[in-house]
Amino acid sequence: MNKITIANVPTKIEKLNFFNKHLNKTVYIKRDDQTGMATSGNKIRKLEYLLQDAQNQKCDYLITSGGIQSNHARATAVLAAKFRMKTLLILKAGEINRMEGNLFFNQLVGAKIKLVSEEEYRDLTPMIEELKEELIDSGHRPYVIPMGGSNGIGAQGYVDAYYEILHQEQELGLVFDTIVVTSGSGGTYAGLSYANKESHQNKTIIGISVLNQEEQAVRDILHVLTDMNQYRDNHFCFSASEINIIDRYIGLGYGKSQLDELKFIEKFAQEEGLLLDPVYTGKAMYGLYNELKNGSFQKSQNILFIHTGGIFGWTDEKINMLYGAV
Ligand SMILES: *Cc1c(COP(=O)(O)O)cnc(C)c1O
């Protein structure tokens, strides 16, 4: 499959001091938070394939959806501006909808934003079909990208990331037996997991969920994995037992924070000089820390955590929770 290439890759792999200091464990981090600035994070790897597909089909209007502070929506909007395409973002309104963070950048790059209620968001298909028809009637060629860019096309980006890691292992002279990643819509996990099978590497891939409970998360990932076969000319079968999802760190729910999570991010920032976000990587790193502290992954020698980005998720509400209003 072809893709447009704009992500800053390969992203660096660095050793973390934090885990050595506190738990006497070696953990590395892959800096996918540095895939870009306006297009930072994991979504750009998926969008490179999705945008190519949209261009192959001569589409000029991207439609996608997500939460009010969706990183995926922001990366899509920025990329669309770069390629002189238009974007319609269908975002689930929260309790607080300030023009800040990702939502602000969406606005800044000229995306059209449609806020919908939680109720409407549960099944967007009819609304998307309608909006698509409207765009077609006004002479556009719309291209619909699923939430998080997680389908068989988008997930190809993390197959590439996996092969990038194998290449870096050779340069670094070490092998990562375990890869840990934050999991939401599941495309990132699916891409890594697919490549793990394709390359016969047998690494342990662990997804720390910040969105769905294990059963639903596994179902979503299996769906993407199956969809991927058609783009790679394989007929792999995947079973739920191959998918490792930890759902103990969702906390109060997607996008919601608790003080202990934010305090952990603060401690990590001060001791490591590295920024995590409250919605995704903060919860997952906190999860990894707690799992290791409690004796999980005993067999893992070299663990690689993929930093999937998310910095713009530091909204006023989160900052106030940590430091109070100033
Ligand atoms: C979207 C996102 C994830 C989750 O990726 P999925 O492919 O949706 O599972 C993790 N971290 C960050 C920062 C994200 O924006």
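How many bridges join strand β3 to strand β6, and in which sense do they run? Three bridges join β3 to β6 (residues 142–144), and the two strands run parallel. Strands here are DSSP runs of E with at least two residues, helices are runs of H or I with at least four, and both are numbered from the N terminus. Two strands pair if DSSP finds at least two bridges between them.

This is a predicted model, in which local features need pLDDT of at least 70, side-chain atom pairs count only at pLDDT 80 or more, and totals for chains, interfaces and linings use all residues. Residues are numbered from 1 along each chain as its sequence is written, and side-chain values use heavy atoms, with hydrogens and water left out.

Stay with β3. Strand β4 (residues 86–92) also pairs with β3, in the parallel sense, over seven bridges. L62 has a bridge partner in each neighbour: T87 in β4 and Y143 in β6. Seven of the seven residues of β3 (residues 61–67) are buried, so the strand is largely enclosed by the rest of the structure. Buried means under 20% relative accessible area, exposed over 50%, and partly exposed in between (1.4 Å probe, protein chains only).

Now follow the chain onward. β3, helix α3 (residues 71–82) and β4 make a right-handed β-α-β unit. Right-handed means that, with the strands pointing away from the viewer, the path from the first strand over the helix to the second runs clockwise.

At the start of α3, a side-chain oxygen of S70 reaches to within 3.2 Å of the backbone nitrogen of H72. Of the 12 residues of α3, 10 are buried, so this helix too is largely enclosed by the rest of the structure. Among them are R74, V78 and L79. The buried residues pack against α2 (43–56), β3, β4 and α4 (101–108), where contact means heavy atoms within 4.5 Å. R84 follows α3 and has a positive phi, near 55°.

Step back to the whole chain. The domain assignment gives domain 1 (13–41 + 151–323) and domain 2 (43–149). The contact takes 28 residues from domain 1 and 24 residues from domain 2. Their C-alpha centres lie 24 Å apart.

Some backbone details remain. The peptide bond from V9 to P10 is cis, with omega near 0°. P10 lies in the segment before β1 (13–15). N24 is not a glycine, yet its phi is positive, about 55°. N24 sits in the loop between α1 (17–23) and β2 (27–30). N24 is exposed, at 68% relative accessible area.

Note on methods:
Polar contact = N/O pair within 3.5 Å; in protein donor to acceptor, adjacent residues only side chain to side chain. Domains from an automatic or database assignment.
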